[in-house]
Amino acid sequence: MAICAVYTTTQLNPTCSFSTPASKTQTQLGFGFGFCQKQQVVFYKRSQSSSRRASVSLITCSAGGQETVVIGLAADSGCGKSTFMRRLTSVFGGAAEPPKGGNPDSNTLISDTTTVICLDDYHSLDRTGRKEKGVTALDPRANNFDLMYEQVKAIKEGKAVDKPIYNHVSGLLDPPELIKPPKILVIEGLHPMYDQRVRDLLDFSIYLDISNEVKFAWKIQRDMAERGHSLESIKASIEARKPDFDAYIDPQKQYADAVIEVLPTQLIPGDNEGKVLRVRLIMKEGVKFFNPVYLFDEGSSISWIPCGRKLTCSYPGIKFTYGPDTYFGNEVSVLEMDGQFDRLDELIYVESHLSNISTKFYGEVTQQMLKLSDFPGSNNGTGLFQTIVGLKIRDLFEQLIASKAKTPVEATKA
Ligand SMILES: Nc1ncnc2c1ncn2[C@@H]1O[C@H](COP(=O)(O)OP(=O)(O)OP(=O)(O)O)[C@@H](O)[C@H]1O
Ligand SMILES: O=C(CO)[C@H](O)[C@H](O)COP(=O)(O)O
């Protein structure tokens, strides 16, 4: 907490100036940012003969920079992490860019609110080293979890670190880059939830669970169409990774607060083209500051085909289901969408039937989806659920910050 002297502050989360001593700036105090909240407290001044109503404004601030909110995003390579990150940073506004003037092959993306670091940077073995030892990048022996833990912990505590860079172009470990503590740190990659020490640092975690059929279809689309790889080499690379994927990556989903599961559609019998998708948003119950989204009636089991007068649906249509379930022994709520949208502007119809989506205004999900309509998955449940999870993370972040800004630090008489 810090002493805040901005008495004119009336909204939640405006940037705050810190005083004491008055001459010191935020930077001198070591704070990158700050959040203040103004509360009006009414009380009664009593004297022997009368009682007079009075009020006082309490301004509480969390010293931004002292603690960073840490989000983990786990998935195999080519499973949509970058796409999800771009949707998330868009929710917070501002473009995400590599560190200015740094290594052009940096994997880091920085925006006003978020810094996204790629955990590939904690590979302890470079490409040649892995080849010599006969291990894949998914193998824990090819990764430095001690350093990952120390650095994520330091950033969470508000300290800058010199993080290594794994260069995907050269396959080498490059000199480190400086990472300053942001408001939100996202650690994305193969192992954000593998090491218990790192897992315990996460304020929220997400796993993108892409079924083998769909992963294959996406890989073909990217690596064959865009990178000129052959069908055989794509198949071979997926097969070679599979044992380590099953052993080290996939089990992390049991720890995730939200899982986005992507499967082939059930609306077209026998379909395995991976074009029409069935997407499930699995949300853990009882996670602090995270209230699962629901359709129509919280806790009920619902099946909804919204195609009719308000939503244009061509073959094979759209089906939503929602209800309670268990996942790795945890109570969860599952929202599922099978099929795809014909017209994104009509998504507002679906949005208006969803609750707990943490929007700041009516239609925000639809607006976000329209804004990024050229991103992969914008016409199906992958884009919809990634957008909703982005809004839930914003909400969680704001609640976390507000909960930390508890101690009243200065008061003015109203
Ligand atoms: N929701 C989606 N719908 C359809 N295709 C998708 C979707 N998300 C990703 N893809 C496909 O998968 C490819 C990889 O996506 P993206 O770059 O977001 O994944 P990634 O996990 O960051 O990959 P990598 O770890 O290899 O950098 C994209 O080029 C796209 O072809
Ligand atoms: O699974 C991966 C992470 O996304 C990569 O395969 C791993 O980082 C190794 O990279 P490269 O193939 O460039 O040597």
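Reply: Let's start with the make-up of the shell around ligand 1: by class, it has 8 polar, 3 nonpolar and 3 charged residues. Bear in mind as we go that this is a predicted model.

That shell counts 14 residues, and the ones that come nearest to ligand 1 are Gly 78, Gly 80, Ser 82, Thr 83 and Thr 382. Where do they come from along the chain? Domain 1 (66-208) and domain 2 (257-401) each supply at least three residues to the shell around ligand 1.

Now zoom in on some polar contacts. Thr 83 has a side-chain N or O atom 2.6 Å from an oxygen atom of ligand 1. Ser 77 also uses its side chain, with a polar atom that lies 3.0 Å from an oxygen of the ligand. Cys 79 does it with its backbone instead: an N or O atom there is 3.1 Å from an oxygen atom of ligand 1. Taken alone, ligand 1 exposes 630 Å², and the protein buries 80% of that. If you're looking for the elements that give two or more residues to this shell, they are the helices α2 (81-92) and α6 (212-226).

Arg 241 places a polar side-chain atom 2.6 Å from an oxygen atom of the ligand. For Arg 127, the gap between a side-chain N or O atom and an oxygen of ligand 2 is 2.8 Å. His 168 has a side-chain N or O atom 2.9 Å from a ligand 2 oxygen. On its own, ligand 2 exposes 360 Å², of which the protein buries 79%.

Next, step back to the sheet. It is an open one with 10 strands and mixed pairing, and the order is β4-β5-β8-β3-β9-β10-β11-β15-β14-β13. Its edge strands, β4 (109-110) and β13 (302-304), each pair on one side only. Strands β3 (residues 69-74) and β8 (residues 184-189) are a parallel case, joined by 6 bridges. To find one of the pairings by eye, look for Ile 71, whose bridge partner in β8 is Val 186.

There's a record to set beside this part of the chain. An unreviewed UniProt entry lists residues 70-268 as "domain: Phosphoribulokinase/uridine kinase". Over residues 70-268 the chain is 35% helix and 23% strand, with 40 Å between the end C-alpha atoms.

As a rule, most peptide bonds are trans, and most residues other than glycine have a negative phi. Tyr 315 and Pro 316 are joined by a cis peptide bond, with omega at about 5°. You'll find Pro 316 in the loop between β13 and β14 (318-327). Phe 296 is not a glycine, yet its phi is positive, at about 65°. Look for Phe 296 in the loop between β12 (294-295) and β13.

How values were computed
Residues are numbered from 1 along each chain as its sequence is written. Chains are lettered from A and ligands numbered from 1 in the order in which they are written. This is a predicted model: local features need pLDDT of at least 70, side-chain atom pairs count only at pLDDT 80 or more; totals for chains, interfaces and linings use all residues. Side-chain values use heavy atoms; hydrogens and water are left out. A residue is near a molecule or strand if one of its heavy atoms lies within 4 Å of it. A polar contact is a pair of N or O atoms within 3.5 Å; within protein, one must be able to donate a hydrogen and the other to accept it, and residues adjacent in sequence count only if both atoms are side-chain atoms. Accessible areas come from the Shrake-Rupley method with a 1.4 Å probe; for residues, only the protein chains shown count as cover. Helices (H or I, at least four residues) and strands (E, at least two) are DSSP runs, numbered from the N terminus. Ala, Val, Leu, Ile, Met, Phe, Trp, Tyr, Cys and Pro count as nonpolar, Asp, Glu, Lys and Arg as charged, and the others, Gly among them, as polar. Domain bounds come from an automatic or database domain assignment. Two strands pair if DSSP finds at least two bridges between them. UniProt positions are given in the numbering used here, feature names are shortened, and annotations may be inferred rather than shown by experiment.
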